[in-house]
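Keep the structure open beside you as you read.

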Amino acid sequence: MTTVCIAGGGPAGVMLGLLLARSGVDVVVLEKHADFHRDFRGDTVHPATLQILDELGLAERFHELPHQRVHTIGVVQDGKRIDIADFRRLRVRYPYMAFVPQWDFLDLIASEAARYPGFRLMMSTEVLGVVRENGRIAGVRARGPEGEFEIRSTLVVAADGRHSAIRRDVGAVPRKIGKTLDVIFFRISRRDTDPDEGLCVRVGDGKIFGATDRRTYWQMFTETPKGGYEKVCRDGIEAFRADLAATVPFLADRVHELSSLDDLKLLEARIDRLDTWHAPGLLFIGDAAHAMSPVAGFGVNLAVQDAVATANALVAPLLNTQLTGAAFDDSALAAVQKRRRLTTTLSQGLQRATQRFGIDEALDGSGQPPAPKLFEKFAPAQWLMSRVIGLGFRPEHVRTPGTKQHERRI
Ligand SMILES: Cc1cc2nc3c(=O)[nH]c(=O)nc-3n(C[C@H](O)[C@H](O)[C@H](O)COP(=O)(O)OP(=O)(O)OC[C@H]3O[C@@H](n4cnc5c(N)ncnc54)[C@H](O)[C@@H]3O)c2cc1C
């Protein structure tokens, strides 16, 4: 028996685990993988998340991790760069997006959480479904290295991502928003003579290629409509190299580094959202409640902010139940959705609009997408985008108390 059982050790689950444990709430996080290494799913840490790390006293340790700081996001169209966001315009302590391998970020949060006696992280443990009792969700069924078992808890938090097993088990079906895209990731080496351009997306001739400067290599992606990856496979690596060289000319001398289709990794990007994020004893957060596409790199920040809002709303009622045995007040769960719904809807709306007026038009190839031009013509648009990408529509702040140092497991 524990107070909170969290399914999924991604940004939402691990951050919530830390926040609850540091306030004295007993929490178990179940993660199906053996470690935090996984396919590329977003290495962006936004100014708002950096602020949260600062509030948790982790900013210094975070900045000791190998990272790159990206101050601007740009689009190159017709050979001309247009900055759509410049974080230096924000009045914040950390006016940049930090790029850190997600496993380093999660390791940092998990190692901090492990200092608190109430925190338990069970790796290689897959949640199979929920345990129901007296009309409530009363825990989870899981499979670990030693076989299947149950954990009972006052609250189950489903932070198990966009293919959530808990969502499936309770029959919650998210509403699909917009089209699904195929996103293909790959790496290519970086040279000192390459442009110094942070994160830049190049658009041309029906193609989109994005590049993030990782100092020794470029983390590249290209987006296509659903099924586009199959076409890439049919056309072969030669054709892919030619498209890359044509769209990103400074890489033309090294496209041969992509030796076969095995060097390309496909991930599917979708946007969806549950109408209701909670049931008695159960709360969905992060991608399990609202899957985000890679556009503007909102997803990790939103997942972390969900965790902060959840802890802010639930620590007091959870501690009350843990310490006195009183029944948990499920109405607090609705308060989490109420707080996060508008910011989620707006963020997904922006992703969808970018897809419609930027990505779709660029992939169509019939003309240049109108969206980047807006940033040239209308100066406040850049400030607004910097704010929305950097801080989100409603930044959350850590309001939960930390337990005293002597209560920690050092
Ligand atoms: C192709 C692509 C690229 C993206 N790029 C970016 C980006 O650059 N920046 C950005 O901010 N966002 C990006 N996103 C979105 C971002 O990945 C998500 O929004 C974010 O990871 C959500 O965090 P989460 O913790 O809710 O879920 P996840 O990160 O999906 O974490 C869920 C965790 O639960 C675990 N899990 C799943 N099922 C179970 C189970 N049954 N039992 C136990 N554990 C389970 C998983 O292993 C995982 O660790 C991208 C998304 C896609 C699809």
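Helix α9 bends by about 40° at Arg340. The bend at a residue is the angle between axes fitted to the seven residues ending there and the seven starting there. This is a predicted model: local features need pLDDT of at least 70, side-chain atom pairs count only at pLDDT 80 or more, and totals for chains, interfaces and linings use all residues. Residues are numbered from 1 along each chain as its sequence is written, and side-chain values use heavy atoms, with hydrogens and water left out.

Helices (H or I, at least four residues) and strands (E, at least two) are DSSP runs, numbered from the N terminus.

What does Arg340 pair with? Its side chain meets that of Asp306 in a salt bridge (2.8 Å, N to O). A salt bridge here is a side-chain nitrogen of Lys or Arg within 4 Å of a carboxyl oxygen of Asp or Glu. Arg340 is buried at 0% relative accessible area, and Asp306 is buried at 1%. Buried means under 20% relative accessible area, exposed over 50%, and partly exposed in between (1.4 Å probe, protein chains only).

Arg339 has its own partner, Glu396, with the closest N and O atoms 2.9 Å apart. Arg339 lies in α9 and Glu396 in the segment after α11 (379–391), so the pair ties together parts that are 57 residues apart in sequence. Arg339 is partly exposed at 34%, whereas Glu396 is buried at 2%.

α9 also holds Leu342, which is exposed at 57% relative accessibility. Leu342, Leu346 and Phe393 make a nonpolar surface patch of about 270 Å². Patches are made of residues with over 30% relative accessible area and no salt bridge; like charges are joined within 9 Å, nonpolar side chains (Val, Leu, Ile, Met, Phe, Trp, Tyr) within 5 Å. Accessible areas come from the Shrake-Rupley method with a 1.4 Å probe; for residues, only the protein chains shown count as cover.

The whole structure contains 30 salt bridges. One of them joins Arg175 and Asp275 (2.8 Å, N to O). Arg175 sits in strand β12 (residues 175–176), and Asp275 in the loop between β18 (272–273) and β19 (278–279), 100 residues apart. Arg175 is partly exposed at 43%, and Asp275 is partly exposed at 48%. Elsewhere, Asp182, Lys226, Glu268, Arg270 and Asp272 are linked in a network of salt bridges.

Now the strands. Is β16 (residues 217–225) enclosed or open? 8 of its 9 residues are buried, so β16 is largely enclosed by the rest of the structure. Strand β13 (residues 181–189) pairs with β16 in the antiparallel sense over 9 bridges; two strands pair if DSSP finds at least two bridges between them. Ser189 has Tyr217 as its bridge partner. Strand β15 (residues 207–213) also pairs with β16, antiparallel, over 5 bridges. There Thr212 stands opposite Gln219. The β15–β16 hairpin has 3 residues between its strands, and Arg215 takes a positive phi near 65°. Back in β13 lies Ile184, which is buried at 0%.
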